[in-house]
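Me: I'm new to this one and would like to go through it slowly. Could you show me the structure before I start asking things?

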Amino acid sequence: MTNHSIPLDRVFQALSDPTRRAVVERLTIGPASVSELAQPFSMALPSFSQHLKLLEECGLVVSTKAGRVRTYSLETETLASAQDWLQLQRDKWTRRLDQLDNYLLQMKETP
């Protein structure tokens with residue numbers, strides 16, 4: 001297990017929920033207040049705030065408070081680390097499938 005596995009596990013756990021994925025997607029267009037983020041969802045604000053808390057704890061979002069308004073924005077570095085891991089997996093499986101393809105072609109050509 002690498003040093004970044006635990007934070008990455010938490011990132012993927014956070015992204016496993018459709019509500020949290022929708023929040024992350026919304027934040028790709030810019031920062032938003034809690035009420036703006038909660039508006040499309042039919043859930044109580046305390047429940048929605050738990051989603052935001054989890055996103056913040058795993059480092060996907062950061063919040064700032066100005067007066068009574070808490071604003072969230074996307075933490076792109078954390079998202080980039082998850083993307084990097086996924087790209088490594090994609091590259092590994094592409095190589096493996098290419099090797100399998102080459103092997104099967106050789107078997108087909110060899111009587």
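Me: Which way do strand S2 and strand S3 run, and how many bridges join them?
Reply: Strand S2 (residues 61-66) and strand S3 (residues 69-74) run antiparallel, and 6 bridges join them. Strands (E, at least two residues) and helices (H or I, at least four) are DSSP runs, numbered from the N terminus, and two strands pair if DSSP finds at least two bridges between them. Please keep in mind that this is a predicted model, in which local features need pLDDT of at least 70 and side-chain atom pairs count only at pLDDT 80 or more, while totals for chains, interfaces and linings use all residues. Residues are numbered from 1 along each chain as its sequence is written, and side-chain values use heavy atoms, with hydrogens and water left out.

Me: Ok, and which residue stands opposite Ala-66?
Reply: Ala-66 stands opposite Val-69 in S3. Further along, Thr-64 faces Thr-71 in S3, and the bridge partner of Ser-63 in S3 is Tyr-72.

Me: What about the hairpin, how many residues lie between the strands there?
Reply: The hairpin of S2 and S3 has 2 residues between the strands, and Gly-67 takes a positive phi near 70° in that hairpin.

Me: What is the strand order in the whole sheet?
Reply: It is an open sheet of 3 strands in the order S1-S3-S2, with antiparallel pairing. Strand S1 (32-33) and S2 stand at the edges with a single partner strand each, so one side of each has no neighbour in the sheet.

Me: And how many bridges join S1 to S3?
Reply: There are 2 bridges between S1 and S3, which run antiparallel, and Ala-32 stands opposite Tyr-72 in S3.

Me: Tyr-72 again. How far is the C-alpha atom of Leu-37 from that of Tyr-72?
Reply: Their C-alpha atoms are separated by 8.7 Å, although Leu-37 and Tyr-72 are 35 residues apart along the chain. Leu-37 is found in helix H3 (residues 34-38).

Me: Is Leu-37 buried or exposed?
Reply: Leu-37 is buried, because its relative accessible area is 2%, and buried means under 20% relative accessible area, exposed over 50% and partly exposed in between (1.4 Å probe, protein chains only). Leu-55, placed in helix H4, is also buried, with a relative accessible area of 0%.

Me: Changing topic, how many salt bridges does the structure hold?
Reply: The structure holds 2 salt bridges, where a salt bridge is a side-chain nitrogen of Lys or Arg within 4 Å of a carboxyl oxygen of Asp or Glu. One of them joins Glu-57 to Arg-10, with the closest N and O atoms 3.7 Å apart. This pair links distant parts of the chain, since Glu-57 is in helix H4 (residues 45-57) and Arg-10 is in helix H1 (residues 5-15), 47 residues apart.

Me: Which side chain meets Glu-57 in a salt bridge at 3.9 Å, N to O?
Reply: That is the side chain of Lys-53, and Lys-53 and Glu-57 both lie in helix H4, 4 residues apart, about one turn of the helix. Salt bridges with shared partners join Arg-10, Lys-53 and Glu-57 into one network.

Me: Why does Glu-57 count as partly exposed?
Reply: Glu-57 is partly exposed because its relative accessible area is 46%, and Arg-10 counts as partly exposed at 34% relative accessibility.

Me: Last topic: which residues form the nonpolar patch on the surface?
Reply: The patch is formed by Trp-93, Leu-97, Leu-100, Tyr-103, Leu-104 and Met-107, with about 640 Å² of accessible area together. Tyr-103 is found in helix H5 (residues 76-109). Patches are made of residues with over 30% relative accessible area and no salt bridge, like charges being joined within 9 Å and nonpolar side chains (Val, Leu, Ile, Met, Phe, Trp, Tyr) within 5 Å, and accessible areas come from the Shrake-Rupley method with a 1.4 Å probe, where for residues only the protein chains shown count as cover.
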